[in-house]
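Open the model in your viewer and keep the selection tool ready.

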Amino acid sequence: MKVLITNECWERILEYATSAYTNYKSEIGGMAIVHRISDDNTFLIEEPSILKQEISGGNTVLDKDALAEYYVKTALKHKDKDSLSFLWWH
């Protein structure tokens, strides 16, 4: 299995993390999608995003209502993608 991420998506995650540390001296977490892009088990990470959450120097807790809404909206938006999965990053 191979998992890929575009430079644009990776940079967005780094920007979120840098901003959280610079402004709050804290970690931050978010969600992204992962889906198969080829028959040889190659997957792509896309659309990193931030949800409502509580953050601290060593932990992130995503808001359960924001997470539920994210799952529903994202699943409906990407229902045509092969093997859609959700990725929590922090």
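In which helix is E11 found? Select E11: it is found in helix α1, residues 7–24. Helices here are DSSP runs of H or I with at least four residues, strands are runs of E with at least two, and both are numbered from the N terminus.

Before moving on, a note on the model. This is a predicted model, where local features need pLDDT of at least 70, side-chain atom pairs count only at pLDDT 80 or more, and totals for chains, interfaces and linings use all residues. Residues are numbered from 1 along each chain as its sequence is written, and side-chain values use heavy atoms, leaving out hydrogens and water.

Stay on E11. Its relative accessibility is 42%, so E11 counts as partly exposed. The scale runs like this: buried is under 20% relative accessible area, exposed is over 50%, and partly exposed is in between (1.4 Å probe, protein chains only). The C-alpha atoms of E11 and P48 are separated by 9.9 Å, with the two residues 37 apart along the chain.

Next, select H78. Look in the loop between α2 (64–77) and β6 (85–89). Is H78 buried or exposed? H78 counts as buried because its relative accessibility is 4%.

Last stop: F86. Find F86 in strand β6. At 32% relative accessibility, F86 counts as partly exposed.
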